[in-house]
Amino acid sequence: MTAAPLVAEAAEAILQAVGVTKRIPLHGRDRGRAVHALNGVDLTLRRGQILALVGESGSGKSTLARLLALGDTPTDGEIRFAGKQVRPGRRADRRAHFGRVQMVLQDPFSSLNNLHRVRYILSRPLRNFGRTSPAEIEGRILELLERVNLTPATDFIDKFPHELSGGQRQRIAIARALAAEPVVLLGDEPVSMLDVSIRLDILNLLAELRDRDGLAMLYITHDIASARYFADEISVMYAGHIVESGPAEQVTQEPKHPYTKLLLAASPNPDRLTVGTEAEDVDVDVDEKDLAEPPNLLAEPVGCPFAHRCPDAAPVCSATAPPTHSFAAGQLARCWLYDS
Amino acid sequence: MRPDWLGALCRIVWPRNRKVAVGLVILLVLVAVAVVGPVLISMLLGQHAGELHAGGSLEPPSGRHWLGTTTAGEDVLAQLVTGTRTSLLVGLTGGAISTGLAVLLGVISGYSTGKTGAALTAFVNIFLVIPGLPLLIIIASYTQGRGGWIMVAVIIGLTSWPGGARVKRAQTLSLRNRDFVQAARYAGESKVRTVLFELVPHLAPLIASTFLFAVVSSIAAEAGLTFIGAGNPTTISWGTMIFWAQTQGALLSGAWWWFVPPGLCIALVGTAAGLINFGVDELSDPRLRGRRAGGRRKARQVPAAVVEAA
């Protein structure tokens, strides 16, 4: 599942976030302050490619996905589809966008309305995006169910969500997203609520859809190991910044940013079982207390957001924002370490 | 494609839950009485609600006057049956107006963000703190019984919605951020359709129970208004019956047949509403419906089967 980096560069950019910033104003006692959810983030999804967005809870992964899907409007920066800016304020733009960019939400138990049958759930996007005539809808629904491997489709079409398992529900959610015939699929942790045994099924299904339909995909996850397995490219987020990005193999095998190194050290990796490899030594001299502190998203970002947890922090790190350094094969890291 | 709510309605109309069945039977009997009762009484017993000196003054129940007579010699049964019609009409109209306003204002103020939502919420809150009963009395004494029962029902409906609206608003607030509402947006649904087809069905049990109790409280409010003399004493309803019984000293003279039947009827409507409310949950939970479809006996076996399977 690894794509050659050269191919990656050549593929057409389809959905882009350019310098996207999101501030979420607070209410009540903290009125006037805001959460700095995203700080000038750039992200590019390419046709036929899977980009994994990795990071801890609260790092802004889901916020970014929501902005890309026009579920929310960015405070600053813009979302571009095929090079053209999408204006979330315009109803026509929004509607057209929903027809091209679809989202699969994390929890299949809450993303399907349990009052509607599968038939109704899948018929709505078919009707709304007007690409299917009313007479063909039933046939299209059965086709969609088969596409997400819910067979025989006729058994599933009249079921209520509560009659389905978590994996089956997530397949319905994916089918609903596919019903709009999108060119981009955004998966907000699409497998994290599922049993470990069916995660791989769903990931393989998504990869298959990518291969067959040439979809661009965003795969949000905590799990950098699954990102390596599944994605062509990985972007690592921390406190609303993308700290490292590049081809999946490159980022997981030769991480450049200290945060990526820590993430990798925290995930079990059979390749790294041998004693004394460098990756395991990463956090040897790190004080546990320092590491426990989460980033302060309320403060205006100054310097590197990871500085107070970073094992390699220098005085400059907490004073000035780090530059982006590019490496071979399109790998980028936002860190002072590589500033010569 | 059969709409789901139709199936739900069928299952509510033919309940397998005994409490709901009893409640529905009580309500249906009262409705039947309201519809055909006055005609039947005049045909079979030759009694009319408004007829003075149909019998002696304050006669106890007898073969001719099944529920006795009033001080003016009117037949109490004929009055009760005619009063059922008025009271139920007031209840249903007042309940419908009150519930309709509560749902409309509650859902819109809960769903819309920004200025519209804030303004509506403020509006609801203002009406919430205005004490309902004094307002009701002031408006009712201003109309002085003009407009008959419809006026009374409208006044009751217009003053009793704020509590219900608050509840709908709270529930809407919790529903609007659920994933399936967001997912409906991504599926290209319009705002109105999202609210009507994704959100409101989840409020159905709440709406149904609000409606039931709005009906009961409208009937009680009408009775209360007429009892204190703010209604129109010339219309015949359960409330006016109790009003006349009280002013004519039925309690002192021991004429229980005059005030007990209307009081009992009001209590019966309340009981029926309470019993039906047990079945309302099934409206928005297909899981409960599925269990019902298998019948009572099978339903009891389900937990055992689940335990075995586990």
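Predicted model: local features only at pLDDT ≥ 70, side-chain atom pairs only at ≥ 80, totals over all residues.
User: Do β3(A) and strand β9 (residues 233–238) of chain A pair in the parallel or the antiparallel sense?
Analyst: Residues are numbered from 1 along each chain as its sequence is written, while chains are lettered from A and ligands numbered from 1 in the order in which they are written. Helices (H or I, at least four residues) and strands (E, at least two) are DSSP runs, numbered from the N terminus, and two strands pair if DSSP finds at least two bridges between them. β3(A) and β9(A) share five bridges, and the sense is parallel.

User: Which residue of β8(A) is the bridge partner of A52(A)?
Analyst: β3(A) also runs parallel to strand β8 (residues 216–221) of chain A, with five bridges. On the β9(A) side, L51(A) stands opposite E233(A). In β8(A), the partner of A52(A) is Y219(A).

User: How many residues of strand β3 (residues 50–55) of chain A are buried?
Analyst: Buried means 20 or more other C-beta atoms, placed from the backbone, within 10 Å of a residue's own; 12 or fewer is exposed, and in between is partly exposed. I50(A), A52(A) and V54(A) point one way, L51(A), L53(A) and G55(A) the other, and all are buried. The strand is largely enclosed by the rest of the structure because the buried count is six of the six.

User: At what angle do helix α3 (residues 76–111) and helix α7 (residues 162–176) of chain B pack?
Analyst: Axes are lines fitted to C-alpha atoms, for helices over the stretch in contact, and angles run from 0 to 180 degrees between N-to-C directions. The two axes lie 7 Å apart, at an angle of about 35 degrees.

User: How do the residues of the contact of α3(B) with α7(B) divide by class?
Analyst: Ala, Val, Leu, Ile, Met, Phe, Trp, Tyr, Cys and Pro count as nonpolar, Asp, Glu, Lys and Arg as charged, and the others, Gly among them, as polar. The contact includes L101(B) and V103(B) of α3(B) and R166(B) and L173(B) of α7(B). The division is nine nonpolar, seven polar and four charged.

User: What share of the residues in chain B is buried?
Analyst: Chain B has 13 helices and zero strands. Of its 310 residues, the buried share is 45%.

User: How many residues of chain A are in contact with chain B?
Analyst: Contact means C-beta atoms, placed from the backbone, within 7 Å. Chain B contributes 16 residues, and the count for chain A is 23.

User: What is the mean pLDDT of chain A?
Analyst: Residues 1–8 of chain A fall below 50, and residues 276–281 of chain A stay under 50. Still, 90% of the residues of chain A reach 70 or more, and the mean is 83.

Methods:
Contact = placed C-beta atoms within 7 Å. pLDDT = per-residue confidence, 0-100.
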